[in-house]
Amino acid sequence: HQTIHQKDYKVPDYLVDTVELTFDLSPEDTRVLSRLAIRSNHDRSNGASPLVLDGEELTLVSLKLDGVEVKRDAYRVDDASLTLLAPPESFVLEVETRIKPKENSALSGLYASGPMLCTQCEAEGFRRITYFTDRPDVMAVYTVTLRADKASCPVLLANGNLVDRGDLPDGRHFAVWHDPFKKPSYLFAVVAGDLVHIADRFTTMSGRAVQLEIYVEERNKDKCEHALRSLMRAMRWDEEKFGREYDLDTYMVVAVDDFNMGAMENKGLNVFNSRYVLASPESATDDDYEAIEEVIGHEYFHNWTGNRITCRDWFQLSLKEGLTIFRDQEFSADMQSRPVKRIADVKSLRSAQFAEDAGPLAHPVRPESYVEINNFYSMTVYHKGGEVIRMLQTLLGREAFRAGMDLYFERHDGQAVRVDEFVQAMADAGKRDLSQFMLWYDQAGTPVLTVSDDYRPESGSYTLTVTQSCPSTPGQPEKKPFHIPLAMGLLDRDGNELPLQLAGEAAAAGTSRVLELRGETETFTFAGIKERPVPSLLRNFSAPVKLQYPYSDEDLNLLMTRDSDPFVRWEAGQVQAVKLIMGLTGEIQAGRQAQVPESFIESFRRLLADDSQDRAFLAETLTLPAESYLAEQMAVIDPDAIHQARELVRSTVGRRLWSELTAVRAACAPKAPYRPDDGLAGCRRLKNLCLAYLMAAGGQEAIDACMAQYRSADNMTDSLGALAQLTSCACPERDEALASFYDCWRGDRGVIDKWFTHQALSRLPDTMDRVLALLEHPDFDLRNPNRVRSLVGAFSQGNQVRFHDAGGRGYRFLADQILRLNAINPQIAARMLTPFSRWRRYDAHRQELMKKELERILAEPGLARDVYELAAKSL
Ligand code: B3K
Ligand code: ZN
């Protein structure tokens, strides 16, 4: 397999101005006619360069140049390309190919999902539909004619505007779509099938009417309202916050059941994983509702950040993905609670992206090379990329950042550009030198900030010394210092925020400010400080770094109760919890009696008693760090000891605070029938967390409470809140609830996914056996990515203690499934490899076992490029 390097980028030798496609659609055999207007883009003084069109899994039927059949010796075809040896300066190429959508289990290109046909072209799926220069810097105007059987395929959709439609002989019909915007091939989309839709109209800020349509299978028609409302909110938000208006007359969203990722931003025709569209009050959780709003927003925001301005090449992926993640995070923050959203985003960054950055698959936000680009739709490119954009906003301030966005749109609309162009627009608008900042794009690894301080009572000066370092990552042994915004404040012993005046400044400038780190070590001296302060550091998580400062328990208590920054308040509690659980883990490893200190229980007691706090925020505060995050803190991960230690804290809290937890849970009990937008999601979260602690305490009373909640719940959040606890309880109620849940929801894919997931997440020792049995369940289907994620993904990525069973059964199970998936869907197979990439973090015995499985995978004949790259790099 070949490695592609960023440094080898060359402008395309040929450009395509227009693409006319005609599809004769059928699941078994689809005919594609392509008519391309091509012109040369290179110096031809030494003759014409060959034109290489990408193509995979295609059967070539005919090839014409300017209307004349191309002679057999004027072109070459192999399984990855079609090459015209010496084409003229400008010409029309007509290519006829045949494809088999129904056999396409990779779900890239044109494929069948249930009763419909749909496409997924990003990153390189268009080449599985027809021969083309399948790269984002070749942008063309597309006109698409779809023909299909009218009875089985009444709906025919493509990008842009519908310009014609009508009937054809033999019960067939056609539709013609034209997209006036130039676009790269990865944004092409087609959908055909027996679909229904719901619609509404949106009036843009300049007064244009846009028709919004959500397409689904008939049985899901009553589950689209939330997606449609979310879309309207996203459109309004982008106008208000970024001045961006939608540009076509229609915006369509189609929900499909078989989809490799969350959704796809195809111009004017988004294709969505149905889990990010469908919701009904009975069957969707509060988290589902939030996730739908977020993904609908994300794909909509791509219209400006991704579609109008796209990437020059795939190394620039974060240009659109990091920026759009940042935009969707801000959108969600404005729609819900900003602090709670920020905490959730930081938690996922820390447990998944920090781990990626610390392992063999670490890569910069802008990678230098890849074997398979689909492997780089990563936490780093997306979420660290989002943090990089956020840091720009923090460094420039909101106003200059917005000016930078405007400048970027103004300069580059209609172009395919690099990250450099984006950062240059920011530098120009903010009048800042951002050359050092670019290292965030090109250096991998999570920087560590080590902070020390020095207080001088005699002069009233307080000095912070910040040293940054960054561990080596593959191919990058040494790192240069990053340009890092460190947002901070200082508290006195009563928790008052101190005015911040740096030595040399005439006056204090507020009580929160952004220090800029550029050198390896930087010092900042504050004047007029009357007593030794407690530093509040990395407010709002102002940079994706690890922070080290020797806080005392007293400092942390002060920050937790008094800091003005909600992130710092939450973080202070987490630092305490990490300290505690890591201490207990050590005791357990040493075979000593581990005990949860009284002070920890007392601080939980105080928190539970305080009803002034936002319920969702309180739930976050009372949630212990995840086992995966705790694992990151250990030199050699001991999944069993971590699990025991964390469970010890949970059960102690449950037993010691039984009445407090019961009281808070009762206070959160519903007073009116459930509505998804009743503003009580925080209450439900807190209530279910209390139930989890009660269940951790053990005993029939808790089980009864769980069953009662399960039986009486009028919404999925509460029903699952109870079921999740019962699945980890060795009691007869477990199977009773699981069976009743299945009977009640069989046939609803989204809910049955949850049924699989919760069984895979069970903390009970028999989980591996259960998971193996579920593989044989009639509803399990390796060809459906959501189902694979719900069982194989949940078990291997969400159940650390059972997956890492020292006997190695979890490892064998995962490798078996990866090998089966390799033949079906390489992208999904590769995604499942993540847990193995962390093998070096474990003890020698587990290392050996995981390594063996990786070697077994690599030895498989016919390994897909996706799987090969990750397995090879992991070893
Ligand atoms: N741009 C798509 C992701 C495509 C992934 C291809 N393997 C969805 C998104 O980020 O919005
Ligand atoms: Zn995206």
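**Exercise 1.** Work out which domains this protein is divided into, and how domain 1 meets domain 4.

*Solution.* Start with the division: domain 1 (14-301), domain 2 (311-442), domain 3 (549-698) and domain 4 (746-875). Keep in mind that the model is predicted. Next, take the centres of domain 1 and domain 4 over C-alpha atoms; they are separated by 32 Å. Now look at the contact, which takes 13 residues from domain 1 and 13 residues from domain 4. Finally, sort the domain 1 side of that contact: four nonpolar, six polar and three charged residues.

**Exercise 2.** Find what surrounds ligand 1 and where those residues come from.

*Solution.* First, pick out the neighbours of ligand 1, including Glu122, Met261, Glu265, His298, His302, Glu321, Asn374 and Tyr377. Then sort the shell by class, and you get five nonpolar, three polar and four charged residues. As for domains, domain 1 (14-301) and domain 2 (311-442) each give at least three residues to the shell.

**Exercise 3.** Decide how helices H6 and H7 are oriented to each other: parallel, antiparallel, perpendicular or oblique?

*Solution.* Begin with the geometry: H6 (residues 398-412) and H7 (residues 419-430) pack at about 130°, their axes 8 Å apart. Angles over 145 degrees would be roughly antiparallel, and 65 to 115 roughly perpendicular. H6 and H7 are therefore oblique. The crossing of H6 past H7 is right-handed. Among the residues in contact are Ala403, Leu407 and Tyr408 of H6, plus Phe422, Ala425 and Met426 of H7. By class, that contact has eight nonpolar, three polar and three charged residues.

Notes. Residues numbered from 1 in each chain as written. Chains lettered and ligands numbered in written order. Predicted model: local features only at pLDDT ≥ 70, side-chain atom pairs only at ≥ 80, totals over all residues. Axes fitted to C-alpha atoms, helices over the stretch in contact; angles between N-to-C directions. Helix = DSSP H or I, 4+ residues; strand = E, 2+ residues; numbered from the N terminus. Parallel < 35°, antiparallel > 145°, perpendicular 65-115°, else oblique. Left-handed = near helix turned anticlockwise from the far one by under 90°. Contact = placed C-beta atoms within 7 Å. Nonpolar A, V, L, I, M, F, W, Y, C, P; charged D, E, K, R; others polar. Near = placed C-beta within 6 Å. Domains from an automatic or database assignment.
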